[in-house]
Amino acid sequence: MGVNLGYAVAEDLRALGARRIEEVATTLQNLEKMRMGRIDGFAMHDYGVDPLLRMPRYAGIEKVPPPLSTRDYYLALSPRFVRQDRALAQRLWDAIALQREALTAERLPAYVD
């Protein structure tokens, strides 16, 4: 089973009984290892792999739901800021999510041969 180096899901997989976890630096490395039959699967964030899976090179690789795990990451906003403008705080979160998805889809293909 493959994972990207430093991803917390490696420990989740070990806790689930995975015996051999191969950590590599990039999602592309994991996709190439799968394409060549060197690993049977790997765990990755949706936003990091979805644009790549739409590429013809990886047409034979299938994403299998449900997610192994989920984690929340945070933008720290002071309680005062949120009290003063809760709607703005929510708009910030929504804008960050949209930007993350759009930029990932736009820029990721530039890193693929």
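The protein carries 16 positive and 15 negative side chains, and 3 Å separates the centres of these two sets. The model is a predicted one. Its secondary structure consists of 5 helices and 3 strands.

**Order of elements**
- Read from the N terminus, the elements of the protein follow the order β-α-β-α-β-α-α-α.

**The sheet**
- The 3 strands make an open sheet with parallel pairing, and their order in the sheet is E2-E1-E3.
- Strand E2 (22–24) and strand E3 (42–43) are at the edges and have a single partner strand each, so one side of each lacks a neighbour in the sheet.
- Strand E1, residues 2–4, runs parallel to E2 and is joined to E2 by 3 bridges.
- Within this pairing, Asn4 lies opposite Val24 of E2.
- In general, the strands of a sheet pair through hydrogen bonds of the backbone, in either a parallel or an antiparallel way.

**Overall dimensions**
- The radius of gyration of the protein is 17 Å, whereas a compact globule of 113 residues would have one near 13 Å.
- The C-alpha trace spans about 55 × 35 × 25 Å along its principal axes.

**Burial, surface and contacts**
- Of the 113 residues in the protein, 27% are buried.
- The protein has an accessible surface of about 8300 Å², and carbon and sulfur atoms account for 54% of this surface.
- Taking the contacts between residues at least 6 apart in sequence, 42% join residues at least 24 apart.

Note on methods:
Residues numbered from 1 in each chain as written. Predicted model: local features only at pLDDT ≥ 70, side-chain atom pairs only at ≥ 80, totals over all residues. Heavy atoms only, no water. Helix = DSSP H or I, 4+ residues; strand = E, 2+ residues; numbered from the N terminus. Rg over C-alpha atoms; globule rule 2.2 N^0.38 Å. Buried < 20%, exposed > 50% of the residue type's maximum accessible area, 1.4 Å probe, protein only. Contact = heavy atoms within 4.5 Å. Areas by Shrake-Rupley, 256 points an atom, 1.4 Å probe, with all protein chains shown as cover. Lys, Arg positive; Asp, Glu negative; His and termini not counted. Charge placed at Lys NZ, Arg CZ, Asp CG, Glu CD. Pairing = 2+ DSSP bridges.
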